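The structure is shown first.

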Amino acid sequence: MKPLVQKKHILWTLGTIVLIVLLYSAAHFYVKNKIAHGLKEELTSTLQVEYEALSLSLLFNHLSLENITLAHQSVLNTTKIGSLSLNGFGYLEYLRHGTISVEHIKIDDVKAAFYTKDSTETKKSKTSAFKEKIKVHNFQLTNANVRLIDRKTDSLQFSAEAITMSLQDVKVSSNTVQNKIPFTYSSYTLAANAIKTALGPYEDLYIDKFKLDGAVVINGVELKTKYTKVALQKHISKERDWIYLKIPEVTLSKFDFTIEQDSFDVKIPSVVLKDLALEMYRNKLMPDDYSLKDMFGKTIRNLPFGLTIPCLMVENGSVSYSELVAPGTKPGELIFTEVTSVMKNISSVGSKPLTIKNKAKIMGAAPIELDWSFYEENGKHLFKASGVISNFNTKELDAFLRPNLRAEAKGTIDALYFTISGDEFVSSGDLKMSYSDFSFVVLKKDRLGVNKLLTALVNIFTNDGSKTDEYGFRFGQIKVERDPTKSFFNYLWINVKDGILHTFTGNGKKEEK
């Protein structure tokens, strides 16, 4: 090749390289400034964006922003983002179809505070000017700390730390932005620590760790009243339970939910609650709460969202309930330990009966079994209940009877069986007991001595268990009208109490049907 031709080729090659570099630099400069302009100018009316560094590589298809600050006057307090990176922009898909396609988006180190919606604001029309189509193959959020603040009271409604989330195959369009979740996705994972949420003016929920990756594992659950037992009475005008619920581990086999327009449906195949510990206290000296109470089954049916849990299990739980009924006395306490419970067909949308099977030891000693079922027939909310208590030394009940009923019991219940059925208003059933040497001791008002006269009168009408059938049982009948201002547990208790009293004071014979 001639030197002149070689020189022309070299100059042409160099010129082409220079031209490409100039075009790339110009494109790089244009795109970078376009992005910067969009962030600073076009979003100003709704969102203020500031950042320390913007890095762009058209060659390697990469964009990143460092140390971002966001502010929105009606939604966000000042929010900081450590970094945002975008990789794999689909140029060809954008040019051919107008679809914004991104392979990977990662947001790291977020500290955000949101405000609740202003209820006085007028609702905006759902029509949207959003025209673009957006696809993100993988979206990742890491190390985010989030708070939700009540706009009116400036109180914390929700907070969580160390949030990590990934979404796959995210799609946004003019149709999806109309939905409560303005995008679709194929799968997701989620984890967070130190979760706190207010459940209302009286209770808070705490979670140490939450992880969702197909199955859900929740560690360190605590639901508790915001105030102490004594302080709560200063914040309420009528009876209300003080609650402390602790569950070291909750496992959900799967968590599926769907949102369509105004409907929200949750499906969880199974739930396991391990080592549940529930403490409840009520000050009966406060005025009664006369609001109407639904039975448990009806409460589930009337949930404002669709819920389906075929099976829920409690393993090795404990429950204590105490009442203060007289000034200057120690609250009487009922304790159940070694609680196992299996609940089936928990559903606000299905028609199968809700069944609950419970086993425990009452006052840490006597075995007790209690089964419930709730169902609907011809528009009526019905229930059935049955139970068994065995080998129960009634002396164990004195911690509850002494302060609550000014009484002590003596004797042993070898076995107690009951069955009850009814609706929201009336119930009936039967009870049989095998017991021996049973008697009551009625205490004086100060609970420091025995009221001998009342004790004698009560025991005149109380059979000591000596007159039984050939199998050693005495029988009682149950007929009760429910007080609709009381809970289902009160309803169950007055049924059992009615049967026990009839067994003690009646003829003890089985009623022929």
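## Helix H7

In this predicted model, helix H7 covers residues 488-505, 18 residues in total. From its first C-alpha to its last, H7 reaches 26 Å, close to the 26 Å expected at 1.5 Å a residue. The buried residues of H7 are Phe-488, Tyr-491, Leu-492, Ile-494, Asn-495, Val-496, Gly-499, Ile-500, Thr-503 and Phe-504.

## The chain as a whole

The secondary structure of the protein chain consists of seven helices and 23 strands. Of its 513 residues, 36% are buried. The protein chain exposes about 30,700 Å², and carbon and sulfur atoms supply 58% of that area. Among contacts with a separation of 6 or more, 58% are between residues 24 or more positions apart.

## The cavity

How many cavities of 30 Å³ or more does the count give? The count comes to one. The largest cavity has a volume of about 100 Å³. It is lined by 15 residues, of which Gly-297, Lys-298, Arg-301, Phe-374 and Tyr-375 are the closest to its centre. By class, the lining of the largest cavity comprises seven nonpolar, four polar and four charged residues.

Four elements each supply at least two residues of this lining: helix H4 (296-301), strand S17 (332-347), strand S19 (366-377) and strand S20 (380-393). H4 provides the largest share, four residues.

| Residue | Strand | Relative accessible area |
|---|---|---|
| Ser-322 | S16 (residues 306-324) | 8% |
| Thr-79 | S4 (residues 76-89) | 3% |

Ser-322 counts as buried because its relative accessible area of 8% falls under the 20% cut-off. Beyond residues up to four places away in sequence, Ser-322 touches Met-280, Tyr-281 and Arg-282, as well as Pro-331, Gly-332 and Glu-333.

Is Thr-79 buried or exposed? With a relative accessible area of 3%, Thr-79 is buried, the cut-off again being under 20%. Leaving aside neighbours within four places in sequence, the contacts of Thr-79 are with Ile-68, Thr-69 and Leu-70, together with Val-110, Lys-111, Ala-112 and Ala-113.

Methods: Residues are numbered from 1 along each chain as its sequence is written. This is a predicted model: local features need pLDDT of at least 70, side-chain atom pairs count only at pLDDT 80 or more; totals for chains, interfaces and linings use all residues. Side-chain values use heavy atoms; hydrogens and water are left out. Buried means under 20% relative accessible area, exposed over 50%, partly exposed in between (1.4 Å probe, protein chains only). Contact means heavy atoms within 4.5 Å. Accessible areas come from the Shrake-Rupley method with a 1.4 Å probe; for residues, only the protein chains shown count as cover. On a 1 Å grid over the protein atoms alone, a cavity is a set of points where a 1.4 Å probe fits but cannot get out, and a pocket is an open set with protein on both sides within 12 Å along at least five of seven lines; lining residues have an atom within 4 Å of a point. Grid points are joined across faces, edges and corners, and a volume is the space filled by probe spheres set on the points. Ala, Val, Leu, Ile, Met, Phe, Trp, Tyr, Cys and Pro count as nonpolar, Asp, Glu, Lys and Arg as charged, and the others, Gly among them, as polar. The expected span of a helix is 1.5 Å times one less than its number of residues.
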